[in-house]
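User: Hi, I'd like to go through this structure with you step by step. Could you start with what a contact is, and then take me through the chain?

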Amino acid sequence: MNKFNCLILAILVASCSSEKKSGDSEAVPFNFSYTIDTLMVDSGDSFLFLQQNLASSDLSPDGKYLLNFNAKTIEMEIVDLDELKLSEVVPLEQEGPNGIGTTPYFGDYKALSKDEFMFAAQNRVIKLDLPTNTATYYSFKREDLDAEALAPNETLKSRGLLCADGAIFYCWYGLDEKPFDNEGLVKIDLVSSEVNVIPIPQLEKLEQFAIEIEMNDETKMAGKFGESVELLELEDRIVILPSAINELWVLDKSTLEITVKSYESNLISNSKKGNYPRKVDSRQAMQEAMKERSKEVSFFSLMHDPKRDMIWRISAEFDHMKEETVVKNYFFTFFDMDLNQLGEFQLEDWEMTGMPFIKDGDYYQFINIEDEMAFIRLQPTFD
């Protein structure tokens with residue numbers, strides 16, 4: 001393949017003055033401007049795994065490397081983001097004493113460094129030392145944990161958040177009789193197997209926005225499409241981002257108490273309205289309901305900017321229909337480290353194409369260009 005490094009599409013300079021208030025604080029006026037370019041990654045003769053839009057990848061803590069798990073070839077692709085090239089490909093084992101399993105789809109991915117990577121699998125966490133290709137396993141099956149930690153009808157989920165220290169896993173739990181719902185988080189010490197159950201009653205706020213499906217055909221298939229909830233580790237806190245309402249739920253790591261931070265936006269709605277069917281009985285009805293729900297506001301992608309000690313959040317809301325496609329407006333909201341809202345900004349002619357992250361104070365967003373890995377880079381200026 002003919003691969004190359006280049007900067008293209010140096011476009012768009014925008015500025016904005018804003019002064020916003022949240023439910024907890026008064027925002028500070030600031031000016032925001034940015035430029036955009038596109039960065040291509042040189043992968044040599046390799047075909048990088050792009051089918052999941054980098055959903056199975058993570059940034060190293062120093063921001064220099066992207067570790068991308070290839071679920072097709074069972075390899076770890078290590079991309080040097082400073083040099084914009086594929087650094088190395090590490091083959092992984094599926095079976096044996098260092099195997100990751102034969103069903104390589106996981107609930108969370110965490111790069112502890114360029115050389116260490118963690119997977120959250122069903123009832124266990126796998127830590128891989130990539131240079132030696134050796135694995136350490138941490139089990140959290142019910143029989144491995146405190147028998148009184150969970151009720152008999154409560155179940156651990158595989159999805160959650162692996163912490164940067166590699167020792168703690170926050171996973172979701174729910175009731176057997178409500179398989180599509182979560183009741184809260186379970187904090188698991190992977191070394192000692194100590195367990196803390198953290199009910200999160202705020203999750204009930206999202207129930208009104210879920211779409212339930214029960215097929216009226218011979219399959220009688222039933223399911224539920226709820227709102228997403230994102231987790232971000234932030235020093236001594238876990239920040240919980242619900243996608244349907246303009247709030248952040250802040251979990252104190254030491255006390256395990258939840259604080260709710262509510263905000264008011266001048267640019268977007270502060271909550272979904274729920275103007276779509278909540279119960280459907282056919283695939284077509286489900287697709288129509290999902291399309292209508294996608295037109296309503298959504299909050300997602302909470303990111304820490306260590307260069308500025310600032311938090312970025314992306315949100316989106318319906319703008320117009322282009323034939324059968326929902327076209328949205330996208331917004332940045334900025335918070336300080338106490339999660340006070342600083343300001344918000346609407347992006348012009350923007351699309352979300354893949355995993356976003358902050359590197360060296362710049363915003364990166366993955367984009368697939370003719371099956372090549374590339375990133376849209378937004379370089380901001382804050383006053």
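Analyst: A contact here means that heavy atoms lie within 4.5 Å. The model is a predicted one, and among its contacts between residues at least 6 apart in sequence, 50% join residues at least 24 apart.

User: OK, and how many helices and strands does the protein chain have?

Analyst: The protein chain has 1 helix and 28 strands. Its radius of gyration is 21 Å, close to the 21 Å that the globule rule gives for 383 residues, so the chain is as compact as a globular protein of that length.

User: What box do the C-alpha atoms fill?

Analyst: Taken along the principal axes, the C-alpha atoms of the protein chain fill a box of roughly 55 × 50 × 50 Å. The accessible surface of the chain comes to about 18000 Å², and 46% of this belongs to carbon and sulfur atoms.

User: And what percentage of the residues is buried?

Analyst: Buried residues make up 51% of the 383 residues, where buried means under 20% relative accessible area.

User: Let's look at sheets. What is the strand order in the open sheet that contains β18?

Analyst: That open sheet of 4 strands has the order β17-β18-β19-β20, and its pairing is antiparallel. At the edges stand β17 (229-234) and β20 (258-262), each with a single partner strand, so one side of each is left without a neighbour in the sheet. Neighbouring strands of this sheet are turned by 25 degrees against each other on average, with direction ignored.

User: How many bridges are there between β18 and β19?

Analyst: Strand β18 (residues 237-242) and strand β19 (residues 247-252) pair in the antiparallel sense over 4 bridges. As for individual residues, R237 has D252 in β19 as its bridge partner.

User: What holds strands together in general?

Analyst: Strands of a sheet pair through backbone hydrogen bonds, and they do so either parallel or antiparallel.

User: Now the sheet with β11 in it: which strands are at its edges?

Analyst: This is an open sheet of 4 strands in the order β11-β12-β13-β14, with antiparallel pairing. The edge strands are β11 (154-162) and β14 (195-199), each of which pairs on one side only. On average, and with direction ignored, neighbouring strands here are turned by 30 degrees against each other.

User: Which residue in β14 is the bridge partner of G184?

Analyst: The bridge partner of G184 is P199 in β14. Strand β13 (residues 184-189) and β14 pair in the antiparallel sense over 5 bridges.

User: Switching to aromatics: how many aromatic pairs are found?

Analyst: A search of the whole structure finds 27 aromatic pairs. One of them, between F69 and F119, is edge-to-face, with 5.1 Å centre to centre and 75 degrees between the planes. F69 lies in strand β4 (residues 65-70) and F119 in strand β8 (residues 116-121), so the pair ties together parts that are 50 residues apart in sequence.

User: Buried or exposed, those two, F69 and F119?

Analyst: Both F69 and F119 are buried. Another aromatic pair, F366 and F375, is edge-to-face with 6.4 Å centre to centre and 70 degrees between the planes, and both F366 and F375 are buried.

User: Which residues do ring pairs link into a cluster?

Analyst: The cluster linked by ring pairs consists of F32, Y34, W312, F332, F334, F345, W350, Y363 and F382.

User: Last one, where is T35 found?

Analyst: T35 is found in strand β2 (residues 30-40), and at 33% relative accessibility T35 counts as partly exposed. The C-alpha atoms of T35 and V327 are separated by 23 Å, and these residues are 292 residues apart along the chain.

Definitions and conventions: Residues are numbered from 1 along each chain as its sequence is written. This is a predicted model: local features need pLDDT of at least 70, side-chain atom pairs count only at pLDDT 80 or more; totals for chains, interfaces and linings use all residues. Side-chain values use heavy atoms; hydrogens and water are left out. Two strands pair if DSSP finds at least two bridges between them. Helices (H or I, at least four residues) and strands (E, at least two) are DSSP runs, numbered from the N terminus. Axes are lines fitted to C-alpha atoms, for helices over the stretch in contact, and angles run from 0 to 180 degrees between N-to-C directions. The radius of gyration is taken over C-alpha atoms; the globule rule is 2.2 Å times the number of residues to the power 0.38. Buried means under 20% relative accessible area, exposed over 50%, partly exposed in between (1.4 Å probe, protein chains only). Accessible areas come from the Shrake-Rupley method with a 1.4 Å probe; for residues, only the protein chains shown count as cover. Rings of Phe, Tyr and Trp (its six-membered ring) pair if their centres lie within 6.5 Å; planes under 30 degrees apart count as stacked, over 60 as edge-to-face and the rest as tilted.
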